[in-house]
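Please keep the structure open while reading.

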Amino acid sequence: MPTYDKWHYLQEQCWLLCSLASLLWLSSQRFKKNQNSKLTSWISSLFTLNKVVFVICFGWAFVMAGILNSHEAPLLNQPFALIFDTEKLLTNFYQFIWYFSQLLVYAIIVHGIFLFNRYILIRQLLARYGVLIFVSACLISMVIFTPLFVAIVLTLPVNDLPSYVANLTPGGNQDIINKYNYQFMFLFLSISTPIILAFERQQHHHKLEEVAKQQIRTELKLLQQQINPHFLFNTLNNLYALALTKSEKTPELVLQLADLLRYTVYEGQKPFVPLEKELNYIKNFLELHKIRHANNCRFNLAWPETSHSLSIAPLLLIILIENTIKYGVEHAQENAEITIKLTLNDNVLTLYCENSIPRKSDNDNTGMGLNNLKRRLELLYPEKHTLLVLNQNRLWQTTLSLELSND
């Protein structure tokens with residue numbers, strides 16, 4: 001069994017405990033990044049900084065009580081081996097409780113110093129008044145509280161020892177203003193402060209991320225709500241135009257429009273949908289317009305080989321396609337021609353739209369649809385999209401590339 005005879009009670013162990021606390025805290029951050037399941041969320045809640053420090057202090061009191069309980073009058077026979085005898089834990093259980101209850105006072109004091117440093121010195125003084133006030137408050141706190149805490153632990157029965165025997169204080173004697181007492185307090189504040197600051201910074205960063213995500217979700221919801229009326233007006237106009245022609249396909253087209261609206265209402269509210277569903281929606285949309293404009297427009301269409309594993313934000317591509325039809329076909333006074341091509345290279349989807357510009361039309365007036373699209377692209381695909389718009393030789397050309405992700 002290993003021994004640690006050369007250990008001092010509150011020096012090397014302090015470094016070990018702080019290192020262990022840091023390790024547990026870093027582990028908790030990994031859990032926070034993956035809180036998809038209730039189990040990981042529950043485990044993460046156990047690793048708050050306050051709870052980790054409390055568990056470390058409680059564990060130290062338990063282990064040290066077991067070590068003292070493993071020897072006969074250990075403080076009178078120093079140095080003693082740091083051995084934890086589990087058999088004596090049972091045979092001398094009341095003695096173990098006697099040691100543990102007193103060492104728990106040490107643990108409570110240390111945890112109290114930690115909480116005081118975090119919530120008073122750092123949050124109230126450092127955050128509000130700066131480093132100079134914080135350092136001054138730390139020095140004043142050391143001067144006032146160090147002898148007070150040492151005086152408290154000296155009243156414990158375990159420290160009722162002859163004056164020549166080292167007691168369980170950093171200084172090892174009855175002198176409450178011993179320099180080693182102040183040294184312990186200084187080391188504790190020096191080590192715990194950067195750990196607390198790192199945790200506070202990470203916590204603050206996490207809160208800012210949550211606020212930013214909530215703002216993005218709210219804005220996207222508003223943008224999607226703008227899409228639905230826009231689409232509804234266009235589709236109702238299409239249906240009205242088909243009814244005027246008394247086409248036999250009108251009932252079928254009504255059902256098709258219902259499917260399109262159903263997709264818009266239900267799938268369109270989701271953050272992402274399978275790419276295949278979005279492409280089917282666009283195909284149905286274009287089939288509707290091909291029937292309506294069969295006599296005055298030629299459609300050049302190309303579709304990619306879809307991948308089931310890719311997903312896309314719904315109702316993004318339809319904005320460019322709607323604009324192409326609206327300004328290239330519906331405003332045309334003669335036969336029109338539009339080109340809509342979708343290609344997929346690995347996970348990059350490219351939509352190319354081209355339409356001729358009627359003489360009395362101006363594609364610069366694309367309304368809120370294109371602005372809506374640009375804003376949604378900035379929110380949903382930052383640094384993962386390109387949108388090129390060209391107006392040359394009376395042709396309006398738009399190219400949108402999206403880097404899609406898997407489901």
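Phe-96 is buried, at 4% relative accessible area (buried is under 20%, exposed over 50%, partly exposed in between; 1.4 Å probe, protein chains only). This is a predicted model: local features need pLDDT of at least 70, side-chain atom pairs count only at pLDDT 80 or more, and totals for chains, interfaces and linings use all residues. Residues are numbered from 1 along each chain as its sequence is written, and side-chain values use heavy atoms, without hydrogens and water.

**Aromatic pairs**
- The whole structure holds 15 aromatic pairs (Phe, Tyr or six-membered Trp rings with centres within 6.5 Å; planes under 30 degrees apart are stacked, over 60 edge-to-face, the rest tilted).
- Phe-62 and Phe-96 pair edge-to-face, at 5.2 Å between centres and 75° between planes.
- Phe-62 lies in helix H3 (residues 49-69) and Phe-96 in helix H5 (residues 93-129), 34 residues apart (helices are DSSP runs of H or I, at least four residues, numbered from the N terminus).
- Phe-62 is partly exposed, at 34%.
- A cluster of ring pairs includes Phe-62, Phe-96, Phe-100 and Tyr-94.

**Charge over a ring**
- The charged end of Lys-283 sits over the ring of Trp-303, 5.4 Å from its centre (the cut-offs are NZ of Lys or CZ of Arg within 6 Å of the ring centre and within 35 degrees of the ring normal).

**Helix H10**
- H10 (residues 317-330) is largely enclosed by the rest of the structure, because 12 of its 14 residues are buried.
- Among the buried residues are Glu-322, Asn-323 and Tyr-327.

How values were computed:
Helices (H or I, at least four residues) and strands (E, at least two) are DSSP runs, numbered from the N terminus.
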